[in-house]
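Subject: Structure handover, with notes

Dear colleague,

I am passing on the structure below, and my notes on it follow. Please read them alongside the coordinates.

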Amino acid sequence: MRQGERGRTASTGEVNPPALFPDGFVWGAATASFQVEGSTTADGRGRSIWDTFCARPGAVAGGDTGEPAADHYRRMSDDVRMMAELGLRAYRFSVAWPRVRAGGRVVNEAGLDFYDRLVDELLRHGIAPWPTLYHWDLPQELEDRGGWANRDTVHRFAEYADSVLGRLGDRVWNWTTFNEPWCAAFLGYAAGVHAPGRTEPRAAVAAGHHMLLAHGQGRAAIREHAPRAAAGITLNLFPVRANDPEDEADVEAARRVDALQNRFFLEPLLRGAYPPDLVADLEPFGLDEVVEDGDVARISAGTDLLGVNYYHDHNVSGRPDEGSGRPSPWVGAEHVSFPGRGLPRTDMGWEVVPEGLTELLVELHRRYPGLPLYVTENGAAYPDVVTDSGVDDVERTEFLESHLRAAHRALEQGVDLRGYFYWSLLDNFEWAEGYAKRFGLVHVDYGTQRRTPKRSAYRYARVISENVLR
């Protein structure tokens with residue numbers, strides 16, 4: 001397609017004007033430690049809750065584990081070189097707590113050395129490091145003492161954060177404390193489909209609050225060691241729709257899901273209080289019992305940026321899904337269901353709704369004005385086929401383009417959106433799905449660890465180089 005030529009969507013034939021992004025817009029890609037690093041016993045790394053969960057029969061598809069993942073621990077330099085070749089301006093990665101404080105208490109200098117080298121390598125290639133302190137890999141020893149349901153874990157997180165900031169805080173200017181605490185709390189402690197695999201609704205509620213409190217502690221460490229750096233949190237947020245807006249049961253179900261998914265985290269962080277309707281919903285599950293005097297003030301002491309992870313929206317019904325019967329992450333709303341609407345779906349079964357990203361960003365800008373926003377995850381899993389000519393992932397490329405246009409529409413409406421990170425840079429271990437689902441811009445052959453950039457990677461590289469989607 002020639003420069004200046006208008007883009008045409010493959011699915012509808014609709015002609016789109018070029019979408020020009022602001023100068024300084026941050027273009028990046030994201031990964032997470034347990035999903036890409038492998039080397040789960042190397043250099044003093046301790047055991048995490050995901051190592052334990054993977055060993056549980058039937059917990060992870062195919063019996064897969066964190067080995068080999070994408071072998072990023074040993075191939076880091078080559079991977080950074082590949083990022084530079086694709087033109088990435090930023091790399092969002094997570095630090096593995098069990099590498100840094102094995103057992104939750106003892107500092108492991110060899111583990112810190114890896115992230116020291118990673119940051120230096122990124123900076124040498126002109127790529128800004130965007131570390132996340134917690135992306136779900138709690139040291140198993142801390143889970144043995146109650147995990148995130150135990151308030152003491154907040155203090156252990158503060159020690160860990162201090163160790164990481166003490167080593168990296170002089171060179172890193174953008175930090176995220178937590179990635180998707182909703183998943184870690186409610187999928188891990190209520191539904192049991194993520195580590196640690198518990199099905200205890202009260203523990204899930206306590207875990208959610210303690211992660212917010214730990215965010216405040218992590219932000220304090222960032223302020224101490226890197227006072228000029230930006231400190232934020234990344235949330236998986238969803239526009240929530242009632243399946244039938246005229247049905248009171250559907251409307252009430254949507255309210256409850258919005259409270260648990262979105263406002264449980266946004267309101268104490270950005271408005272200094274849990275929303276009253278959520279407090280009422282969770283009264284039987286002990287929210288008021290774990291919130292102590294001064295907690296919310298520490299949670300809401302200041303957030304410099306909000307990371308927004310968006311994959312799809314929630315279409316909610318108050319009519320239960322009779323075919324389920326599994327433990328639910330929707331504490332206090334276990335009866336809700338999510339009817340399909342006949343839309344295209346990714347390989348994860350998620351409906352493709354790019355306009356939901358625009359809606360979400362505009363609503364966040366309206367409700368919390370003055371807060372810089374970044375899309376910190378957005379991507380799609382599709383089954384990929386490697387041929388002699390590469391990986392022609394047409395569906396993923398169309399997903400990328402449609403969501404970049406959705407992000408641009410939010411910019412046109414005045415949203416303070418400052419960057420976009422595709423999930424994921426590499427195919428990787430996709431949690432309970434094991435290696436069955438591929439999200440990467442780069443294909444990974446797990447047997448040989450050969451990297452093959454996909455069509456979507458080259459498309460994204462062109463957008464980055466021109467700062468425009470044509």
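Leaving aside its neighbours within four places in sequence, which residues is P275 in contact with? With contact meaning heavy atoms within 4.5 Å, P275 touches R263 and E267 once those neighbours are left aside. Before going further, please note that this is a predicted model, in which local features need pLDDT of at least 70 and side-chain atom pairs count only at pLDDT 80 or more, while totals for chains, interfaces and linings use all residues. Residues are numbered from 1 along each chain as its sequence is written, and side-chain values use heavy atoms, with hydrogens and water left out.

P275 sits in the loop between α10 (248-271) and α11 (276-281), where helices (H or I, at least four residues) and strands (E, at least two) are DSSP runs numbered from the N terminus. P275 counts as buried because its relative accessibility is 5%, the classes being buried under 20% relative accessible area, exposed over 50% and partly exposed in between, with a 1.4 Å probe and protein chains only.

As for the chain, it has 16 helices and 20 strands. Its radius of gyration, 21 Å, is close to the 23 Å that the globule rule gives for 470 residues, so the chain is as compact as a globular protein of that length; the radius is taken over C-alpha atoms, and the rule is 2.2 Å times the number of residues to the power 0.38. Of the 470 residues, 61% count as buried.

The largest nonpolar core has 137 residues, and those with the most contacts inside it are W50, Y134, W148, F157, F186 and L306; helix α9 (residues 201-225) gives the largest share of this core, 11 residues. Such a core is a set of buried Ala, Val, Leu, Ile, Met, Phe, Trp, Tyr and Cys residues joined through side-chain atoms within 4.5 Å.

The largest pocket holds about 1500 Å³ of space, a volume being the space filled by probe spheres set on grid points that are joined across faces, edges and corners. A pocket here is an open set of points, on a 1 Å grid over the protein atoms alone, where a 1.4 Å probe fits, with protein on both sides within 12 Å along at least five of seven lines, and lining residues have an atom within 4 Å of a point. Of the 48 lining residues, W182, L187, H312, P329 and W350 are the closest to the centre of this pocket, and α8 gives the largest share of the lining, four residues.

Best regards
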